[in-house]
Amino acid sequence: MTWLSPLLRILLLSFVLTKIAEGTGHSQREEAVRDFLREDHVSGHTNNWAVLVCSSRYWFNYRHMANTLGMYRTVKRLGIPDSNIILMLADDVSCNARNRFPASVYSNSRRTLDLYGENIEVDYRGYEVTVENFLRLLTGRVEPSLPRSKRLLTDEKSNIFVYMTGHGGAEFLKFQDNEEISAFDIADAFEQMWQKKRYHEIFFMIDTCQANTMYSKFYSPNILATGSSELGESSYSYENDADIGVAVIDRYTHLVLSYLENINKTSQFTMQHLFDAYDFNRMRSHAGVRTDLFKRDPSKVLLTEFFGGIAQADVVTSGDVDKARQFAEHTAGDAKKAREDTEDLSVTSVLPQDLIVSAKLDVSKRIWLGVACIALALDFTILVGYALQNIECSVLLLVIATIQVSLLPDDENYWRISRDQLDPTLRRFCGLPANTSALIGGLTFRSRRLLGVGYKERRRNKSDLTLSSPGSNAMFSKMITVSSMGLVVVSWLTGMAWATPLLYDGRAATNLSESTFDDLSGAYVYVVKGSKKGSDYIDLTKKIDPTPLWQKIFQPASEKTISVSIDPTSIFVPGGNPANAQNGFRRTEVIAQPRNRTVIESGRTVFHFSVLRDERHDLNYKHEYQVVFIEPNDGSHVFGLQIGSPFTYPTGRLPVPKAQYLRILARDLTVLFETPFTSDKWHNFAVQVDWDALTLGVYYSKGAGLLTPTSRRAVVNKGLVAGPDGQGDFHFGLLKLPIADPADTPSQATDVVHRGIQENTTETLHYSGVFVESVAGGVSIGYGLRIPALKN
C-alpha cells in the first residue's frame, strides 16, 4: 500500500486544479492572444528560405561543390523544402571524367554519404551561376518568364539563410574565375531587399579566404553574419581523398556541418552555441561574427530559425481586418456580403499552410490548451503501458485529462495547433512518432461529439465559444475519471504481476563518474583498454540523451550515455607483458556483468543494449568492429554485434557494400539480423539466450520504437555447448580489427591479433540501456511493456 499516499496527494491536487479551472474568468481576450504570440515566443517570421551558392567551377574546386551540397543536405534534413531552397552550382564535378565515382560527390575520404544522391534540385547550373543572376535573385529583378523555381519568393515575414563558398579575397568573391562580386554589391542588394520588404531577418555565412571582409560593408537591419577567416587569412581545406585526388571539403564548413549534424528539427541549440563551437585549432583560421545589425541576442535565436523549417503564427490585428473588409467591399461590390464574410476575423492566426484558426480565446482556455497538450501526451502513455511503471504519474494524468475534456472547445483547429506545438515535445519526452497528438486529439474531439457534450458549434455571426451544458461536461468528466482510474489501477496491478526480474543493471546512473572505470568498484568488473586509464577512453555524458525506451516522463534521465572511444594508444597488453601486446587490435571494452556471471548465464536471459553512432568520431567502415559480445574462453562468441567490413585475406574491395550495417551474429557467424547503422537515432537490441536449449532470439527497434522480435521463433545457436565451456564475459565497447598488410606473408597477414594496418584516429561509439533480465515475466520492450519470450 505504499502507493496510497501519493494517490491521495494526486486526488487532492485534482480537486484544487478543478476549482481553479472553474474560477478562471473570461476577460482580456485579444490582449491575451497578443501576449501569447508576442516576440518572446516567436521571432516574427512565418517561412524560411535558403540561398546556397558555390561560385567555383572545375575539378580542382571539388571541395566547394561538396561544401554547398553538404549545406543543402542539412537544411533539407532540418525541414526547409526544395521549393524554398535556391541552389546555385556549376555542377561540373559529379560527372567529370576524372571522378572515379560517377554521379557522386563525397565530403570525406571514407565516402560514407553521397551528397549528390538521387534527390537534388539544382536551380542555377553551369554558366547560369553569375553575379548578375545572383543579384537579380536577391532583389527580385527577374524576367517575367523566369520559372518560379528560380525565384526567391520571400516577403517581410521570411528568414533567409545565404551561404556562399568559393575563392575570394579582401572584399570580393570570384564567380567561376570569370568575374567578381564585391562586398558593396551584396550590401546594396540586401538594402534593396529591406526596402522592398523581401526579408524579416538574414543569416549570411561565407567560406572563402578573407571571408569576414565580405560582410564588413553591410548596413541594412536584421542581418546576422559570419565568415571563415579574417582579413589577410586563408580558409583551408580539411581532407584529401587519394582516390578522388583533390580536397573534398573545407575546414570551416566541415566544422559547421559536423555541429549541425547533432541537431534535429526540435533542437533548442542557438546561434550562439554554433559560434561558440568555432575552434581555431580545427579551422586554422579565425572565424568572425557580426551582430551589430541584428536586433536579437544570438543566444536566444534557435539554429532552426534559419536552418530549419518553420510553422509560426502570423498575427493579424483588428486594423488589418478593417483593411481586408474595405478591400472586400471595394472589389466585391457587395458591402453586406463582404461584412458577413469577414465577421469572424476579429483576431486570427494564420499558419504557413494558410490555415486560419480562431484565436479569440479566453485566458483560461489558452492556459488549459497548454495543460491539454500535456494531458494528450500522458493519455497516450497509458495506452502504451506507462502505468505499469509509475502509478503516481498515471493518476496525475487522469486529473489533467479530466480538465482537458471538461474545458477545451470542440474545435478541430485546436488539435491542429496542438499537433504543430506538441509533436516535438512528444518526440522528445515520450519518443512517440509524428502526428500522435493530432490522432489523439481527433479521437477526443469525435468522442465528445458522439456523446453530445462539450461546446456549441460556432455560429456564423458569433465568434465567442460558450458552454452548451456545464452539467453534461461535469458528468462526462466524472465518467472519464472513474473509468480511467480503474484502467490505471488494473494496469498497475497487472504490471506488478508481470514484473520481470532484473538480473544485472549496467546502465550508468546519473551520479556515476568516469572514475568507476578506473577503480572498478561498481557494476563493471573490468575494462579491456590501452595504456591509459579507463576514464581516458570512456566518457559519461549528459550531452547525449540516452535511449528513451527506459526513461520516465516528467523525470530527469535515469542514466547517462556511455561514450566508448579508441585511439592509437588503445593496444591491450594481456598480463602487462609487452611480448603479448595485441598490436593488431584497437580495444576499449567494458566487461559488464555481476561478479558471479552464472546469474545471467543460466536458464533463459535477455541481454539489452542500445548503440548510437558518433558522426564527429565515426568508425572507419573498411575495418571490422566487434562491439557487443559474450566471449567464452575459446575466443568464440555466444552472440555478437558486428559493424564494418569483415576481415578477409586476401583483402577485397573496401568497404564492403553493407559495411554500414549492424549485424547480430550467432556463434557460427550466421547473420541473424542486420539493419543500416543510421546516425539519427538509437538502435535498440535485446538478445534472448536459452542457455539450456542453446537458442537465440533477437529483438530490435530504432529510436523510441518498441522492441519487436526479428523472427517468429528462437533459432538454434549452432556450435555452442552447454555448461561453463559455453559461457563467457559480456563485453560492450569497441574492438577494431586491422586490415591485412600487403607486405605480410599469408601466415602473418592472418594474425589479426598482432599484425595489420591501423590508422591513427580516434573513434567513438555511444551506449545506453545496458542490462540483463530473466524472461520469467516476459521480455521488456520499452515503456514498461513486456511480451512473451520467443519460443524455441
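Reader: Let's start with S1, helix H3 and S2: what unit do they make?

Author: They make a right-handed β-α-β unit. Keep in mind that this is a predicted model. S1 covers residues 47–54, H3 covers residues 62–77, and S2 covers residues 85–89.

Reader: In which sense do S1 and S2 pair?

Author: The general idea is that strands of a sheet pair through backbone hydrogen bonds, either parallel or antiparallel. Here, S1 and S2 pair in the parallel sense, over four bridges.

Reader: Is S2 buried or exposed?

Author: Buried means under 20% relative accessible area. Five of the five residues of S2 pass that test, so the strand is largely enclosed by the rest of the structure.

Reader: And which residues sit on each side of S2?

Author: In a regular strand the side chains alternate between the two faces of the sheet. In S2, one side carries Ile85, Leu87 and Leu89, the other has Ile86 and Met88, and all of these are buried. Both faces are covered, then.

Reader: Which residues have the most contacts inside the largest nonpolar core?

Author: Leu52, Tyr62, Met71, Phe161, Met205 and Phe307, in a core of 50 residues. H3 gives the most to this core, with seven residues. For a closer look, pick Tyr62: leaving aside residues up to four places away in sequence, Tyr62 touches Val93, Ser104, Val105, Tyr106, Ile244, Val246, Ala247 and Val248. There's also a second, separate core of 49 residues, which includes Ala508, Leu641, Ile643 and Leu765.

Reader: Now the other pairing sense. In what order do the three strands of the open, antiparallel sheet come?

Author: The order is S5-S6-S7. S5 (168–169) and S7 (179–182) are the edge strands, each pairing on one side only. S6 (residues 172–175) and S7 pair over four bridges, and Lys174 stands opposite Glu180 in S7. Helix H4 (residues 131–139) packs on this sheet, touching S6 and S7, and its direction makes about 35° with that of S7.

Reader: What do the buried residues of H5 pack against?

Author: They pack against H4, S4, S7, S8 and S9. The buried residues are Ala183, Ile186, Ala187, Ala189, Phe190, Glu191 and Met193. Lys197 follows H5, with a positive phi near 55°.

Reader: And zooming out, how many helices and strands does the chain have?

Author: 19 helices and 33 strands. Of the 792 residues in the chain, 52% are buried.

Notes. Residues numbered from 1 in each chain as written. Predicted model: local features only at pLDDT ≥ 70, side-chain atom pairs only at ≥ 80, totals over all residues. Heavy atoms only, no water. Buried < 20%, exposed > 50% of the residue type's maximum accessible area, 1.4 Å probe, protein only. Helix = DSSP H or I, 4+ residues; strand = E, 2+ residues; numbered from the N terminus. Pairing = 2+ DSSP bridges. Right-handed = clockwise from strand over helix to strand, strands pointing away. Contact = heavy atoms within 4.5 Å. Axes fitted to C-alpha atoms, helices over the stretch in contact; angles between N-to-C directions. Core = buried A, V, L, I, M, F, W, Y, C linked by side-chain atoms within 4.5 Å.
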